[in-house]
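User: I'd like to learn how to read helix packing and a nonpolar core from a model. Can you walk me through one?

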Amino acid sequence: MKNIITEKLGEAQKAGDKSRILTLRLIIAAIKDKEIASRSNGEKDEIEEEAIVTLLRKMIKQRLDSIEMFTTANRQELVDKESLEIDIINEFLPSQLD
């Protein structure tokens with residue numbers, strides 16, 4: 001999954017999609033942080049896909065919490081930014097069953 005995200009980052013850079021570039025870089029940085037933490041615990045260098053999915057879900061939860069705060073503060077531009085990031089992150093999550 002990390003490779004797919006990296007490929008999408010390259011595509012976004014070619015297209016000049018700044019918001020997508022920033023979000024994908026955040027995802028890659030979070031994955032690298034998780035890999036570094038797992039190495040210090042004596043685990044594998046690369047983390048499993050399940051751990052990446054968990055990480056992405058955590059990132060979405062953080063953004064949902066931010067949206068709630070920004071909505072209360074009447075900051076619609078920040079709500080829109082966070083919503084866009086959620087949409088981008090959701091692209092890499094497996095689809096949910098109804």
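This is a predicted model: local features need pLDDT of at least 70, side-chain atom pairs count only at pLDDT 80 or more; totals for chains, interfaces and linings use all residues.

User: At what angle do the axes of helix 2 and helix 3 cross?

Analyst: Two packed helices are described by the angle between their axes and the distance between the axes. Axes here are lines fitted to C-alpha atoms, for helices over the stretch in contact, with angles from 0 to 180 degrees between N-to-C directions. Helices are DSSP runs (H or I, at least four residues), numbered from the N terminus. Helix 2 (residues 18-40) and helix 3 (residues 49-72) cross at roughly 125°, their axes coming within 11 Å. The two are therefore oblique to each other (under 35 degrees is roughly parallel, over 145 roughly antiparallel, 65 to 115 roughly perpendicular, the rest oblique).

User: Which residues of helix 2 and helix 3 make the contact?

Analyst: Contact means heavy atoms within 4.5 Å. Helix 2 brings Leu26, Ile27, Ala30 and Ile31, while helix 3 brings Ile52, Leu55, Leu56, Met59 and Arg63.

User: Is arginine 63 buried or exposed?

Analyst: Buried, with a relative accessible area of 9%; the cut-offs are under 20% for buried, over 50% for exposed and partly exposed in between (1.4 Å probe, protein chains only). Leaving out residues up to four places away in sequence, arginine 63 touches Leu26, Glu82, Glu85, Ile86 and Ile89.

User: How far apart are the axes of helix 2 and helix 4?

Analyst: Those axes are 10 Å apart, and the helices pack at an angle of about 60°. That makes helix 2 oblique to helix 4. Ser19, Arg20, Thr23, Leu24, Leu26 and Ile27 in helix 2 meet Leu84, Glu85, Ile88 and Ile89 in helix 4.

User: How many residues are in the largest nonpolar core?

Analyst: A nonpolar core is a set of buried Ala, Val, Leu, Ile, Met, Phe, Trp, Tyr and Cys residues joined through side-chain atoms within 4.5 Å. The largest one has 24 residues, and Ile5, Leu24 and Phe92 are among those with the most contacts inside it. Helix 1 (2-15), helix 2, helix 3 and helix 4 (76-90) each supply at least two residues of this core. Helix 3 gives the largest share, seven residues. Not counting residues up to four places away in sequence, isoleucine 5 touches Leu24, Ile27, Ile28, Ile31 and Phe92.

Key: Residues are numbered from 1 along each chain as its sequence is written. Side-chain values use heavy atoms; hydrogens and water are left out.
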